[in-house]
Amino acid sequence: MKVRLDARKAAAALVVVGLLLLPLYTSLSGNVFALTLFTRIVIFALAAASLNLIMGYGGMMSFGHAAYLGIGGYSVGILAAEGIGSGFIQWPVALLASALFALVIGALSLRTRGVYFIMITLAFAQMAYYVASGLARYGGDDGLTIYKRSDFGGLINLSNRVQFYYVCLACLLGGLYLIWRIVNSRFGMVVQGLRSNEARMQAIGFPATRYRLVCFVISGTLCGLAGALLANNTDFVSPAAMYWTRSGDLMVMVILGGMGSLFGPMIGAIAFLLVEELLSQVTEYWALIMGPLLLLIVLFGRGGIDGLLGRVRRA
Amino acid sequence: MPEPLLRVDSLVRRFGGIVATDRVSLEVAPGELHAIIGPNGAGKTTLISQLTGQLMPHAGSIHLAGRDITGVPSYRRSALGLARSFQITSLLLDFSAADNVALAAQAHDGHSFHFWTNARKVPHLRRAAHAALDRVGLGGRADVLVSRLSHGEQRELELAVALATRPQLLLLDEPMAGLGITESARMVKLLQELRREVSIVLVEHDMDAVFALADRITVLVYGRVIASGTPAEIRQNEEVKRAYLGDQHAVTRHV
């Protein structure tokens, strides 16, 4: 059988190999900053991929996805502040708290559609933001410093940059594998069918809301994991993690990379954060350049970067 | 007389001041092909939508095989053996033809909270999909995206999707809409075969097709049933002729 090489798969494979080999490069070149930057990128790629599950595959435009970053982060931060440093407790709590939050806001907001859904998810995330701002015991507005990263006994040491990077990368690749299995499963077919034509799906016998809700919860849980990673990465968690602009950033990453494509959000996260990093070295008004860039992608590159790659034909 | 498969009793549905369904009653016997005709705006689609549960009636009741389904949501009516095709083609355009039908089969194969196995590799779902596609003559177009199918093929796919849910009663909302002459003839032939397997309620404007296919016909005008009977009775009915004054030839062409 002839192996078909298409640009999308090639690009995704290249990026994954690049990410796997990155610590090799940084240790050889001594460029520690690249490792720090890419740890952050990998974490946001996981968050964007989780958003893509509901937004790209499920057609649910959640504008409050950063809430889970905060909830995952605060779960780690609060437990650490209370003297519970074990990651075996912190991380499951982070996942569970995110899942519960997703269950509650999903049950309420999935009654609405379109713009109302966007607005209600935004409202819930802002509520989470203000609740976190009001947590005087845990730093309130100023945020909460985490003095010790999640402790996994002798298993892994998250304070080691390279080990932590690989933990984040494993979470990203594991998350992408999970999403890949889900979207091709019966459950995934139903969720994508509902995005395509809800009336038809109801008519052939699918109760829409419960499938959407489960998808919403899976997505929130995955993003909660990203939140726990992010808090460990910055040794700090603050309400800003949940602010609506952060939710907007995640949406931009997904749209930039390609909605409803498996690797799109990863590529989008890399592109977004790299451009942000590079431009912010040049000017503090980097958003002025980022904005038009995004506009061009949306106008001329339907399907984001992944969609553009899909149109590259081999000569 | 045996229990009718479908029994509709004094169904009422209003939209603001307009009574779109005005105390409609009708019965469909098992094995029957029951056509519903009427001029534009007679409330045919409104009636179908209430039968499938997309719209809730304001009064009256609907029984399927003796069971009251008036308040049952549409997805559960499908499980009870009710399938519909849409007047305006309603399919998953970004899915392949086979995926559309396989999803219909999947809907009636227990819950779909299976997160791991590839749905496109579940043998019995694929088999069911291909069987239904073959049934309507789309066997060779299984892997084509629905958006790439012709209008006629999409109408046939609508039927395949409905069939894949293994219905007791098929509600067809203008399956001939927008079809050319040859496509219409194919559809009539297909319905003639299908009617041996499943009871059908057919809403249709194409009078040739209706009189060729129907066992019984119900005529709706302004939401009310003005006549119900065999095709021969309907042709003779004075009130029907009056209601169809502009279209009179359409009803009497076969006399």
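1. **Where the chains meet.** In this predicted model, 21 residues of chain A make contact with 29 residues of chain B. On the chain A side, the elements that put in two or more residues are helix 6 (161-184), helix 7 (186-196), helix 8 (198-203) and helix 9 (208-234). Helix 7 of chain A gives the most, with six residues. By residue type, the side of chain A that touches chain B splits into eleven nonpolar, seven polar and three charged.

2. **Chain A overall.** What is chain A built from, in terms of secondary structure? The count is 13 helices and two strands. As for contacts in chain A with a separation of 6 or more, 76% come from residues 24 or more positions apart.

3. **How chain B is divided.** Chain B has a domain 1 made of two stretches, 1-81 and 167-255, and a domain 2 covering 93-166. The C-alpha centres of the two domains of chain B lie 26 Å apart. Ten residues of domain 1 of chain B are in contact with ten residues of domain 2 of chain B. On the domain 1 side, helix 2 (74-79) and helix 6 (181-194) of chain B each supply at least two residues, and the largest share, three residues, is from helix 6 of chain B. That side of domain 1 divides into seven nonpolar, two polar and one charged.

4. **The open sheet in chain B.** Worth a look next: chain B has an open sheet of six strands, in the order 6-7-8-3-9-10, with mixed pairing. Which strands stand at the edges? Strand 6 (82-85) and strand 10 (224-229) of chain B do; each has a single partner strand, so one side of each is left without a neighbour in the sheet. On average, neighbouring strands in this sheet are turned by 15° against each other, direction ignored. For strand 6 of chain B, the link to strand 7 (residues 169-173) of chain B is parallel and has four bridges. Within that pair, Arg84(B) sits opposite Leu171(B).

5. Helix 5 (residues 151-164) of chain B lies across strand 6 and strand 7 of chain B, and runs at about 170° to strand 6 of chain B.

6. **Strand 1 of chain B and its partners.** Strand 1 (residues 6-15) of chain B pairs with strand 4 (residues 59-64) of chain B in the antiparallel sense, over five bridges; there, Asp9(B) is opposite Ser61(B). Strand 1 of chain B also runs antiparallel to strand 2 (residues 18-28) of chain B, joined by seven bridges. What does Gly16(B) do in the hairpin of strand 1 and strand 2 of chain B? With two residues between the strands, Gly16(B) takes a positive phi near 60°.

Methods: Residues numbered from 1 in each chain as written. Chains lettered and ligands numbered in written order. Predicted model: local features only at pLDDT ≥ 70, side-chain atom pairs only at ≥ 80, totals over all residues. Pairing = 2+ DSSP bridges. Contact = placed C-beta atoms within 7 Å. Nonpolar A, V, L, I, M, F, W, Y, C, P; charged D, E, K, R; others polar. Domains from an automatic or database assignment. Axes fitted to C-alpha atoms, helices over the stretch in contact; angles between N-to-C directions.
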